[in-house]
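Hi,

Here is the structure I promised to pass on.

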Protein chains: 2
Amino acid sequence: MRVSELAAAADVPLATVKFYLREGLLMPGTATSRTRANYDEQHLERLRLVRALVETGGLGLREVRSVLAALDDPPTSPHELLGVAHAALPPPVAASDPPPDTAEVERFLEGVGWGDCLPPSLLASLAQAVAAVRAAGLALTPDELTGYADAAYRAAVTDVAVARRADSPAQALHTVIVGTVLVDEVLATLRRIAQQVVSTQALARTTPPDTTSADTAVREPVSRVVASQE
Amino acid sequence: MRVSELAAAADVPLATVKFYLREGLLMPGTATSRTRANYDEQHLERLRLVRALVETGGLGLREVRSVLAALDDPPTSPHELLGVAHAALPPPVAASDPPPDTAEVERFLEGVGWGDCLPPSLLASLAQAVAAVRAAGLALTPDELTGYADAAYRAAVTDVAVARRADSPAQALHTVIVGTVLVDEVLATLRRIAQQVVSTQALARTTPPDTTSADTAVREPVSRVVASQE
């Protein structure tokens with residue numbers, strides 16, 4: 001297909017496609033004349049990926065380039081997969097200068113049994129994210145952090161299950177990188193929706209006499225579905 | 001304290017403090033002379049909050065203003081709390097034009113028992129976040145979405161528990177707004193760390209003979225801690 005058809009197929013403005021081509025985020029098509037080139041399914045896939053990383057993932061051009069370079073050279077060992085994926089992605093919170101003190105979050109991670117071999121960029125990201133919550137006036141106690149770690153663990157179980165179903169190292173890497181950066185937005189939205197669900201349940205329980213176990217009632221909606229699929 | 005002391009106390013550049021003052025994100029101090037003003041603890045708290053929302057939360061000036069306006073006028077009914085908080089915050093994924101088709105995510109949310117009274121901006125955010133994951137080449141099946149909904153639910157249980165411990169409607173609103181936008185980054189970082197933990201466990205299980213139940217082994221680290229705190 002021509003570049004205009006490629007743009008239409010991906011629902012991306014033509015000017016944006018040309019910009020991605022100039023920046024090397026999209027590989028050139030096969031030239032069919034001095035001014036025309038042909039594009040195929042691979043171009044369409046790459047274009048959709050770049051678009052999603054930029055628009056929804058909020059990655060900058062340099063970060064997209066780092067992701068694409070990793071995807072074009074996947075590690076063959078599953079042991080290296082996450083290291084490569086996490087190195088290609090920017091950490092959720094960029095490193096401060098000077099780097100933050102990570103002693104508290106390291107102790108916390110040790111405490112939940114997650115202390116081994118964590119990359120410094122993720123430790124720094126966690127320390128800064130926690131410091132920002134506290135600077136804004138919230139306590140964020142170890143109990144609360146543990147609640148969030150439990151939530152993150154459940155998301156990661158799904159992440160890893162999806163990656164392990166991949167047919168090839170290249171596909172597994174694609175799944176981990178894209179899933180990590182783009183599913184963050186799915187999770188953030190589901191969390192806001194879940195806040196409304198939990199809050200409504202909590203308010204309902206305080207109005208009439210409580211006839212059910214609090215814990216069962218609070219966890220019911222999703223657990224029921226999860227159980228029915230197991 | 002003087003403006004320079006305020007800046008030093010919050011570890012924010014003086015020029016940034018002056019910018020926040022000009023933009024009305026920080027309330028003026030009490031004038032002590034034609035060119036000097038006095039600032040107190042309230043200014044320091046507000047400055048730290050604005051800084052965290054901008055730097056870590058990634059909010060724009062207009063969004064910070066909307067958050068501050070909500071914080072200055074908290075609803076008295078707990079039923080309105082989340083509505084006000086979510087209206088003040090930008091949705092994780094901004095609305096597209098034309099708005100996305102939300103039929104599939106509405107059916108999904110009905111299926112997990114979360115179908116009631118969801119604000120259109122969150123439905124649109126979820127539909128767009130899911131569409132972006134799919135455009136980037138991942139299937140994101142209903143089972144996987146359910147796994148992520150379960151994770152989000154666990155985060156929300158902690159969110160709501162924290163908000164319900166607040167002393168006043170104003171403090172509860174502050175907790176929900178700040179917690180929602182800033183804890184997103186804590187969760188995103190913990191998710192990447194948890195991916196490494198889950199992946200290492202999964203790889204370890206495939207190497208030697210598996211002597212434990214897969215489910216127990218995968219969920220062990222955090223569950224153990226959660227159980228010991230209950």
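Let me begin with the interface: 28 residue pairs are in polar contact between chain B and chain A, both residues having pLDDT 80 or more. A polar contact here is a pair of N or O atoms within 3.5 Å; within protein, one must be able to donate a hydrogen and the other to accept it, and residues adjacent in sequence count only if both atoms are side-chain atoms. pLDDT is the predictor's confidence in each residue, from 0 to 100.

Some housekeeping before the rest. This is a predicted model, in which local features need pLDDT of at least 70 and side-chain atom pairs count only at pLDDT 80 or more, while totals for chains, interfaces and linings use all residues. Residues are numbered from 1 along each chain as its sequence is written, chains are lettered from A and ligands numbered from 1 in the order in which they are written, and side-chain values use heavy atoms, with hydrogens and water left out.

Back to the interface. On the side of chain B that touches chain A, the elements giving two or more residues are α3 (41-55), α5 (78-88), α6 (103-111), α7 (120-135), α8 (142-164), α9 (169-206) and α10 (214-229) of chain B. The largest contribution is that of α9(B), with 28 residues. Helices (H or I, at least four residues) and strands (E, at least two) are DSSP runs, numbered from the N terminus. Sorted by class, this side of chain B has 53 nonpolar, 21 polar and 15 charged residues; Ala, Val, Leu, Ile, Met, Phe, Trp, Tyr, Cys and Pro count as nonpolar, Asp, Glu, Lys and Arg as charged, and the others, Gly among them, as polar.

Chain B and chain A each bring 89 residues to the contact (heavy atoms within 4.5 Å). About 8,600 Å² is buried between the two chains, with carbon and sulfur atoms giving 69%; buried area is the accessible area (1.4 Å probe) that two parts lose on being put together, summed over both.

How are the two chains related? Chain B superposes on chain A by a rotation of 180° with 0.0 Å of shift along the axis, at an RMSD of 0.0 Å (least squares on the C-alpha atoms of residues with pLDDT of at least 70 in both). That is the relation of a two-fold axis. Both copies use the same surface, since 100% of the contact residues of chain B recur in chain A. In chain B, the residue closest to the rotation axis is B:A151, its C-alpha at 2.2 Å.

Ten salt bridges link chain B and chain A, a salt bridge being a side-chain nitrogen of Lys or Arg within 4 Å of a carboxyl oxygen of Asp or Glu. One of them pairs B:R154 with A:D150 (3.5 Å, N to O). The whole structure has 20 salt bridges over all chains. Within chain A, A:R46 and A:D72 form one at 3.0 Å, N to O. A:R46 lies in helix α3 and A:D72 in the loop between α4 (61-71) and α5 of chain A, so the pair ties together parts that are 26 residues apart in sequence.

Two backbone details: a cis peptide bond joins A:D97 and A:P98, with omega about 0°, and A:P98 is in the loop between α5 and α6 of chain A. A:L140, in the loop between α7 and α8 of chain A, has a positive phi near 45°.

Finally, confidence. Chain A averages a pLDDT of 84, and 89% of the residues score at least 70. In chain A, pLDDT stays under 50 over residues 208-221 and over residues 223-230. Where pLDDT is low, the predicted coordinates should not be read in detail.

Best wishes
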